[in-house]
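Let's walk together through the place where two protein chains meet. Please have the sequence and the 3D view open as you read.

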Amino acid sequence: MGARSLSLPFELRYTQPLEEAVEEVAQALDGGYGLAPRSIALLLLQGDEATVQRVGARQPEVVRRSRELAQALEAELGQPVALAVAAERYRWSQRVAAAVVQERAARDDTLGERLGRWAMHPWVGLLMVAGVLYALYQFVGLFAAGTVVDWLEETLFENWLTPRVNAAVAELIPWPWLQELFAFDYGLITLGLRYAVAIVLPIVGAFFLFFSILEDSGYLPRLALLLDRLCKRLGLSGRAVIPMVLGVGCGTMATVVTRTLETRRERVIATFLLALGIPCSAQLGVTMALLAQLPWGLVLWGGVVALVFLTAGFLAARLMPGEPPLFFSHIPPMRWPRGKNVLVKTAARMQWYFLEVLPIFLLASVLIWLGRLTGLFELLTGALEPVLAAMGLPAEAAVIFLYGFFRRDYGAAGLYDLADAGLLAPAQLVVAAVTLTLFLPCIAQFGVMWKERGPRVALTITGVVLLVAFGTGWSLHHAITWVGGVF
Amino acid sequence: MVDGRQKTRITLSRLAEGERAQVVQVTAREGALAKLLAMGILPGVELSLVQAQPLPVVRMGSTTVALDRELAQLVEVAPLGPGSRPGRGGRRRCRWWRRG
């Protein structure tokens with residue numbers, strides 16, 4: 001087999017009786033499937049679902065015939081057609097490789113190789129995970145969510161853009177109810193755009209950058225294999241590590257990324273866990289700030305949230321119908337990422353993020369505007385008050401929960417004010433923090449859940465999350481009261 | 001089955017760390033089979049087990065793949081004796097996959 005034969009159009013001929021079956025099915029196809037008839041025939045004989053559906057819609061008789069042929073082949077060959085096809089392709093590719101590949105002895109045990117092995121080691125690998133998470137926290141949590149967000153929010157929006165927009169809108173639009181759609185506290189520009197550009201964009205951008213570096217270094221498959229067993233207990237496979245890690249940055253984006261999971265069951269469980277137990281960077285920030293003066297509260301918060309997360313995953317794995325996931329992954333060599341590739345990838349993801357998520361932030365602004373205009377919000381906060389009272393929280397907290405769903409910083413600031421005014425005891429603070437963390441992160445995540453998983457799943461998840469969040473808050477309130485009474 | 005000789009067969013999940021083996025049979029079906037084939041695990045292929053914990057990691061030629069125990073149980077292999085154990089101990093015999 002020389003170079004010449006490889007440059008010609010090539011068709012792999014299989015051995016009998018496989019080849020005969022491929023030809024028969026290929027002849028029967030009427031050719032309108034956008035692929036070579038032989039390719040379609042091979043996919044049909046291997047039982048490829050998408051192809052079976054496509055051809056079945058037009059030529060159901062061909063699908064029936066190929067199923068018969070496949071059964072006969074399987075009986076004759078003693079193995080599934082897919083395996084026979086793969087074996088022949090493998091043998092052929094080995095022949096080609098033997099003719100054209102030259103192998104040189106590679107350098108023994110480079111740094112990358114050693115690093116790659118350590119990253120897969122049962123406990124050295126876990127130490128490396130801790131190191132990576134710490135670096136992530138430093139870069140995204142402290143630098144991007146702190147320094148950069150502060151600058152953009154205060155300097156760019158609060159001091160410069162927002163007052164100008166407010167003034168211009170007040171000038172141009174005579175009706176206050178319409179002014180509020182664009183400007184002031186909940187306007188499209190002053191809330192929707194500010195939220196997306198000044199708060200979420202830097203956090204998500206930093207996260208994408210960090211993530212692209214991890215991705216190009218070849219680390220992620222190692223992380224997935226290391227955590228696969230834990231994930232399996234939660235009904236997920238190691239692959240789900242990627243959206244879960246992303247969720248610590250932004251749950252909305254992470255919910256979009258659950259697309260990459262293989263089965264619908266896995267996607268639903270991951271979406272549910274992201275909505276319930278993975279605090280996004282905004283939620284983390286709020287909690288850290290609220291409980292900074294309360295070390296035992298922080299520990300209690302972390303413990304309760306982790307417990308709820310693991311229990312929910314454990315139950316979801318048992319209650320959701322469907323096959324448990326299988327995990328497999330190529331383990332590429334560890335490499336030094338190339339700067340240009342990382343930047344191009346980060347830019348592409350940020351662009352995609354803007355196109356997918358910005359509209360939802362803008363929609364949130366419109367919804368808040370409508371809610372206030374129609375008095376619906378007052379009704380909702382009124383309905384929330386007794387629920388919060390059952391958790392030992394004051395009525396003022398209702399506004400925080402509702403608006404926090406649309407505008408996370410408002411929830412945080414509101415809680416500060418309540419705590420400052422002495423309206424929240426330490427125990428109430430912990431209860432509020434746990435409930436807010438478990439509570440649906442924000443309207444954007446809800447929107448993406450709706451878009452990706454459909455209304456039925458999105459509403460079910462939301463219902464369960466609300467129930468678990470308030471149920472946990474209620475139990476925690478009573479547990480703390482009881483412990484307080486005992487000691 | 002692959003080369004006619006009778007050899008002991010074990011599942012890939014029971015192969016010892018560092019051991020080399022030849023794939024004899026893939027008992028997986030449908031989805032699991034498609035995954036194994038996508039990784040290039042099929043009868044006749046030689047591989048070595050890089051590590052067993054927390055998940056089996058195998059090396060075939062210059063390709064390394066990880067698979068969970070459920071998948072590894074669906075692959076029957078015939079052990080070929082110890083290979084090199086990357087990263088364990090000092091100098092080793094030359095690696096079979098790298099001989100020029």
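The paragraphs below start with the interface and then turn to the elements of chain B that take part in it.

A word on conventions: this is a predicted model, in which local features need pLDDT of at least 70, side-chain atom pairs count only at pLDDT 80 or more, and totals for chains, interfaces and linings use all residues. Residues are numbered from 1 along each chain as its sequence is written, chains are lettered from A and ligands numbered from 1 in the order in which they are written, and side-chain values use heavy atoms, with hydrogens and water left out.

The size of an interface is often given as the accessible area lost when the parts come together. Here chain B and chain A bury about 2800 Å² between them, 60% of it on carbon and sulfur atoms; this is the accessible area (1.4 Å probe) that the two parts lose on being put together, summed over both. The contact (heavy atoms within 4.5 Å) draws 33 residues from chain B and 32 residues from chain A.

Now for the charged pairs. The rule finds three salt bridges across the interface, a salt bridge being a side-chain nitrogen of Lys or Arg within 4 Å of a carboxyl oxygen of Asp or Glu. B:E70 makes one with A:K232, and their closest N and O atoms are 3.7 Å apart.

Which elements of chain B supply at least two residues each to the side that touches chain A? They are α1 (30–39), β5 (63–67) and α2 (69–72), where helices (H or I, at least four residues) and strands (E, at least two) are DSSP runs numbered from the N terminus. Of these, α1(B) gives the most, with six residues.

Next, look at β5(B). Strand β1 of chain A (residues 328–330) pairs with β5(B) in the antiparallel sense over three bridges; strands pair if DSSP finds at least two bridges between them. Opposite B:V65 you will find A:H330, and opposite B:L67 stands A:F328. Within chain B, strand β4 (residues 57–60) also runs antiparallel to β5(B), joined by four bridges, with B:M60 opposite B:T63. β4(B) and β5(B) form a hairpin with two residues between them, and B:G61 in the turn has a positive phi of about 60°. Four of the five residues of β5(B) are buried, so this strand is largely enclosed by the rest of the structure.

Methods:
Buried means under 20% relative accessible area, exposed over 50%, partly exposed in between (1.4 Å probe, protein chains only).
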